[in-house]
Amino acid sequence: MRHYQIHVTAKKGIFDPAGTTAQHALENLGYDGVRGVKIGKLIELAADDSVTADEVAQMCARLLANPVIEDFDIKEA
Amino acid sequence: MGTQGCRFGVVVFPGSNCEQDVISALRHLGLEASYVWHQDTDLSGYDALVLPGGFSYGDYLRCGAVARFSPVMEEVVRFAGAGRPVIGICNGFQVLTEARLLPGALIRNRRLKFICAPVPLRVEKSVCTWLDLPEGTVLTLPINHNEGNYTCDDHTLAELVEGGQVVLRYCLPDGTRPPGGCAPNGSLDDIAGICNAAGNVFGLMPHPERAVDGISGCTDGAGFFSAVVASAREVVGR
């Protein structure tokens, strides 16, 4: 069994309303140095050894992320 | 032209919740309309399809992301590819973008608030075969969504604008748009509805089906559906 951690975040140039709101909230709390907050998703995927890395990438491109608005990063845990 | 001859199929996914409103609006106009279950794969009995609003598959992962792989969707893609009319309302619009039948995506509203309100919308000059209303017509229709903030890259936006694919924009009650935009959800270029390059696939966030019989306080949806029906009849050649 292999375990993957997949991070999905808003693509560069795509507005991230949740991240921007959290950033403003941190500023309101007095944290002056915050220069960016991006909020994404962490997907933990467990798959048989027979599932290839290519297939995991396909799963991301087809369903787990929307490449129109999101980037994904796959790490084997 | 009689009221017969344009048979609407209303696609129901688990979690759709506006299908009855759509059926009721279409029947109110004397049209034939029936439900299509998401596992159906035979669309031969229909001339036009409606993907209604709701929360298909609980909106899990992303709105429309799971519905897009329902068995019926392969046939919807084929139906659309044959030039037949397909319209997606709210969640239906999100499904159409996830299925790549329409470009771009619908992300969370800019201010993270679910918005439920009647809003003014401007009909733009477009290639959309669904809508036969003069450019500049202002309609008031309800919106009801958390993820209606349309976005796409600059290249796609330029293509949409140049190709006459922007069908509806949020506007002020007099039909104008202030320089900073006026979309209540933060939509790019105030976009509320777009169509594909061929004009037969149309997605919009507002709910015309909720503004047909006056119960909700406005009836601009009736004119909208009449126009839709007139155009759809032309498309199916009846």
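Reader: In chain A, what share of the contacts with a separation of 6 or more comes from residues 24 or more positions apart?

Author: First, two residues are in contact if their C-beta atoms, placed from the backbone, lie within 7 Å. Take the contacts in chain A with a separation of 6 or more; the part of them that joins residues 24 or more positions apart is 66%.

Reader: Before we go on, what kind of model is this, and how are things labelled?

Author: Residues are numbered from 1 along each chain as its sequence is written, while chains are lettered from A and ligands numbered from 1 in the order in which they are written. Local features need pLDDT of at least 70, side-chain atom pairs count only at pLDDT 80 or more, and totals for chains, interfaces and linings use all residues, as this is a predicted model.

Reader: Which pattern does chain A follow along the sequence?

Author: Helices (H or I, at least four residues) and strands (E, at least two) are DSSP runs, numbered from the N terminus. Chain A has two helices and three strands. Reading along the sequence, you get β-α-β-α-β.

Reader: What is the order of the strands in the sheet of chain A?

Author: Two strands pair if DSSP finds at least two bridges between them. In chain A, β1 (residues 2-10) and β2 pair in the antiparallel sense over seven bridges, and H3(A) stands opposite A46(A) in β2(A). The open sheet of three strands, with antiparallel pairing, has the order β2-β1-β3.

Reader: Which strands of chain A stand at the edges?

Author: Look for strands with a single partner, because one side of each is left without a neighbour in the sheet. In chain A these are β2 (41-47) and β3 (70-76).

Reader: What radius of gyration does chain A have?

Author: The radius of gyration is taken over C-alpha atoms, and the globule rule is 2.2 Å times the number of residues to the power 0.38. Along its principal axes, the C-alpha trace of chain A spans about 50 × 25 × 15 Å. A compact globule of 77 residues would come out near 11 Å, but chain A has 16 Å.

Reader: And why does the value for chain B agree with a compact globule?

Author: The C-alpha trace of chain B spans about 45 × 40 × 35 Å along its principal axes. With 238 residues, a compact globule would have a radius of gyration near 18 Å, and chain B agrees because its value is 16 Å.

Reader: How much of chain B is buried?

Author: A residue is buried if 20 or more other C-beta atoms lie within 10 Å of its own, exposed if 12 or fewer, and partly exposed in between, with C-beta atoms placed from the backbone. In chain A, 13% of the 77 residues count as buried. Among the 238 residues of chain B, the buried part is 53%.

Reader: Where do the buried residues of helix α2 of chain B sit around its axis?

Author: In α2 (residues 71-81) of chain B, the buried residues are V72(B), M73(B), V76(B), F79(B) and A80(B). Seen down the axis of α2(B), they fall within an arc of 115° (the arc of the directions from the helix axis to the C-beta atoms), so they line one face of the helix.

Reader: Which residues are exposed on the other side of α2(B)?

Author: The buried residues of α2(B) pack against β1 (7-12), β2, β3, β4 (86-89) and β11 (201-204) of chain B. On the other side, the exposed ones are P71(B), E74(B) and R78(B).

Reader: Is L43(B) exposed, partly exposed or buried?

Author: L43(B) lies in the loop between β2 (32-37) and β3 (48-51) of chain B. Leaving out residues up to four places away in sequence, L43(B) touches G9(B), V36(B), L49(B), E75(B) and F79(B). With 18 C-beta neighbours inside 10 Å, L43(B) counts as partly exposed.

Reader: What is phi of L61(B)?

Author: Most residues other than glycine have a negative phi. L61(B) sits in the loop between β3 and α2 of chain B. Its phi is positive although L61(B) is a residue other than glycine, with a value near 70°.
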